[in-house]
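Me: I am new to this structure and would like to learn how to read it. Could we go through it feature by feature?

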Amino acid sequence: MREIRYLKAVSETIEAEMEKDPSIFYMGEDVRYALKGIPRGFIDKFGPERIIDTPISEAGFTGIATGAAVQGMRPIVEFQISMFCFLAFDEMVNQAQKLYYMSGNRIKVPVTYIVPLNFGSIAGQHSDSPHSFMVQGLMKTIMPATGYDAKGLVLSAIRDDDPVIVFLPAGITGRKSDIPEEQYTIPIGVGDIKREGTDITIVATGRLVLKALEAAENLEKEGISLEVYDPRTLFPFDKPLLRKSVEKTGRVIIMDDSTRTCGFAAEVAAYLSDECFSFLKAPIKRITRADVPVPFSLILEKQVVPEGVKELTETVYGMLKK
Amino acid sequence: MIENFDKEKCLDIYRLLKMSRRFEQKTLELGGQGEILGSLHVGVGQEAVHVGIALALKDGDITFRTHRDSGQMVAEGIDPKYLFAELMGKINGYCMGLGGSMHLPGISGVLGVNAPMASGAALAFKLRNEKRVAVGQYGDGASNLGPLHESMNMAAIWKLPVVFICENNGYAVTTSIKYSSLLENLSDRGKAWGIPGETVDGMDVMAVYKAASRLIERARSGEGPAILECKTYRYEDHSKSTANLVLSYRSKDEIAEWMKKDAIAGWAGKLLDEKICTKADLDKIDELVEKTIEEAVEFARNSPLPEPEDAFKHMYATEIKGIPQKGW
């Protein structure tokens with residue numbers, strides 16, 4: 001084992017798979033120079049045929065990736081900023097995602113979309129977390145919280161025969177951790193208990209997993225035991241694992257960076273009320289992005305995007321009446 | 001001989017034109033009787049484009065057709081019995097009853113995506129050094145969509161083996177192309193991407209074939225994409241459902257004028273004028289076409305419906321336990 005950054009883990013698994021599989025190419029804006037840090041040095045190894053810089057044409061190149069996938073390639077498409085997904089929404093959700101079903105399984109679309117998330121004083125059109133849109137679009141949706149998970153899940157995404165979208169959470173992709181050198185996969189749809197506990201199940205996504213772990217560490221000193229469930233895959237999320245956890249704790253707080261209305265947290269809450277109601281000792285609580293665009297001024301942004309530890313700690317106290 | 005086609009091939013072109021038209025007319029008839037559900041967008045009148053393109057393709061070439069091009073599928077050699085079965089929602093339909101008329105493979109029900117899809121297929125061919133060409137078809141309506149222009153530009157800068165073929169039938173539902181573009185010829189847009197653009201008579205199967213063939217071979221030889229505009233006309237209304245609205249966006253005279261240029265009558269006339277064949281030869285083909293269509297319809301009628309549970313069986317190529325979920 002060696003310590004490497006989250007982003008490096010993503011980068012090296014793609015690189016190793018590209019060496020093995022000539023049908024993979026990497027496409028996006030400014031990818032030759034690895035502006036977002038993923039295909040660093042790839043251009044020298046794979047050349048401009050497989051590291052394809054595109055014009056600023058998100059809908060066009062996403063559609064091109066679909067066409068190439070239909071003809072047997074396995075494209076990886078990088079969106080420079082997550083909100084650029086909106087420009088290619090039809091190409092992803094209405095085309096790539098539906099073709100296999102609509103064609104009576106004649107067409108496969110094995111594309112991987114890599115989408116770095118952002119926020120932090122860049123506001124409005126640069127700070128959305130569009131993952132819930134993709135979940136509702138029935139797109140296999142991944143949001144790894146650690147470099148270890150990212151490495152294994154990105155490889156599963158590339159090898160999957162359906163379109164898969166991978167969201168790389170804001171603010172944590174520079175973190176270092178122990179990651180094996182060899183290639184490995186983590187199955188899509190399998191969650192992970194990141195910390196065991198008995199009082200409350202915290203469902204957290206992406207960067208908020210780390211915030212939940214931090215809060216759990218703090219609260220342990222006060223005798224409060226949080227279990228942290230990281231779905232890792234948002235669609236489909238691991239229901240049996242969550243059910244088992246809630247059966248034990250009877251209390252749930254869900255944290256997610258997408259909007260409150262119809263966001264991922266709403267879907268998890270709906271599942272719990274449908275199928276785990278009898279285990280619940282308290283109402284399900286959600287900590288989410290507020291239903292306004294992310295404002296610019298930091299003091300305002302803090303009202304809209306949860307910091308994580310603070311809001312969770314307060315919600316835990318409220319739930320346990322402390 | 002017409003061009004490089006001998007008598008047999010000339011008659012086969014007539015058969016393809018006829019098959020393409022009769023297939024689509026039959027779908028309308030079955031739609032009217034309630035045997036085919038949903039909407040239908042037929043390209044009756046546009047057969048010269050459909051058959052002209054089909055003739056220009058070589059093995060391994062691929063077309064991304066519009067929602068008005070199901071007749072072209074027949075011209076490309078797909079057995080109409082699987083298409084009728086699909087339109088009737090049967091299990092042995094071309095897409096197991098999951099797609100319907102607007103979502104047959106190689107057809108998109110959303111406009112403008114064929115250009116990116118075809119460019120993507122062409123990118124795959126180029127990366128693998130295959131001498132194959134992709135054709136991306138679109139109508140005058142789709143010609144104003146962003147993704148189409150984006151992908152044409154990328155196809156141009158990457159010199160992809162793709163040909164964009166515009167079926168300009170004059171109307172996007174009710175909106176005339178004369179309203180939605182100032183250009184006389186939509187092929188002029190090739191200049192914007194630095195690629196050749198040509199316009200041909202889309203009611204003349206040989207004109208379409210010759211131009212398409214030349215541009216497809218040009219793309220195959222590595223010279224990059226081109227735009228081919230075929231000026232054509234649809235005789236029927238936009239769709240089965242809009243036909244009932246009786247919207248007066250075009251005159252009966254206009255329709256009658258275009259019908260004088262009919263592709264099938266034109267080709268038949270040419271074969272007779274040049275004494276390639278006799279009227280009896282053509283009648284024989286007409287009979288054969290009717291028989292093929294009737295047998296195909298019977299096949300579809302006798303095909304079983306899907307099992308209700310089939311709605312949930314075909315969602316993902318790599319399956320994951322627990323999905324898809326049912327709604328209740």
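Me: Where is Glu3(B) found?
Reply: Glu3(B) sits in the segment before α1 (7-32) of chain B. Helices (H or I, at least four residues) and strands (E, at least two) are DSSP runs, numbered from the N terminus. This is a predicted model: local features need pLDDT of at least 70, side-chain atom pairs count only at pLDDT 80 or more, and totals for chains, interfaces and linings use all residues. Residues are numbered from 1 along each chain as its sequence is written, while chains are lettered from A and ligands numbered from 1 in the order in which they are written.

Me: Is Glu3(B) buried or exposed?
Reply: Start with the rule. A residue is buried if 20 or more other C-beta atoms lie within 10 Å of its own, exposed if 12 or fewer, and partly exposed in between, with C-beta atoms placed from the backbone. Glu3(B) has 12 C-beta neighbours inside 10 Å, so Glu3(B) counts as exposed. Look at its backbone too. Phi of Glu3(B) is near 55 degrees, a positive value in a residue other than glycine.

Me: Which value does phi of Cys262(A) have?
Reply: Phi of Cys262(A) is near 60 degrees, again a positive value in a residue other than glycine. Cys262(A) belongs to the loop between β13 and α9 of chain A. There, 15 other C-beta atoms lie within 10 Å of Cys262(A), which makes this residue partly exposed.

Me: What does Arg260(A) touch?
Reply: Contact has a cut-off: two residues are in contact if their C-beta atoms, placed from the backbone, lie within 7 Å. Leaving out residues up to four places away in sequence, Arg260(A) touches Arg286(A), Thr288(A), Arg289(A), Ala290(A) and Asp291(A). Take Thr288(A): Arg260(A) and Thr288(A) are 28 residues apart in sequence and 5.5 Å apart in space, C-alpha to C-alpha. Arg260(A) lies in the loop between β13 (252-259) and α9 (264-275) of chain A. Arg260(A) is partly exposed, with 14 other C-beta atoms within 10 Å.

Me: How do I read a sheet?
Reply: Strands of a sheet pair through backbone hydrogen bonds, either parallel or antiparallel. Here, two strands pair if DSSP finds at least two bridges between them. In chain A, seven strands form an open sheet in the order β3-β2-β4-β5-β7-β6-β12, with mixed pairing. β3 (51-53) and β12 (233-235) of chain A stand at the edges, each with a single partner strand, so one side of each has no neighbour in the sheet. Now pick one pair. β5 (residues 112-116) and β7 (residues 164-168) of chain A run parallel and are joined by five bridges. In β7(A), Phe167(A) is the bridge partner of Val115(A).

Me: Which way do the residues of β3(B) point?
Reply: In a regular strand the side chains alternate between the two faces of the sheet. Val162(B), Phe164(B), Cys166(B) and Asn168(B) point one way from β3(B), and Val163(B), Ile165(B) and Glu167(B) the other way. Seven of the seven residues of β3 (residues 162-168) of chain B are buried, so this strand is largely enclosed by the rest of the structure. β3(B) pairs with β2 (residues 134-139) of chain B in the parallel sense, over six bridges. Within β3(B), Glu167(B) is the bridge partner of Gly139(B).

Me: How many residues of α6(A) are buried?
Reply: Eleven of its 13 residues are buried, so α6(A) is mostly covered. Among them are Asp149(A), Lys151(A) and Leu155(A). The expected span of a helix is 1.5 Å times one less than its number of residues. For α6 (residues 147-159) of chain A that gives 18 Å, and its end C-alpha atoms are 18 Å apart, which agrees.

Me: How many residues of chain A are in contact with chain B?
Reply: 38 residues of chain A are in contact with 32 residues of chain B. α3(A) gives the most to the side of chain A that touches chain B, with ten residues.

Me: Where is the peptide bond cis?
Reply: One cis bond runs from Phe235(A) to Pro236(A), with omega near -10 degrees. Pro236(A) is in the loop between β12 and α8 (239-249) of chain A. Another cis bond runs from Ile323(B) to Pro324(B), with omega near -5 degrees. Pro324(B) lies in the segment after α13 (279-301) of chain B.
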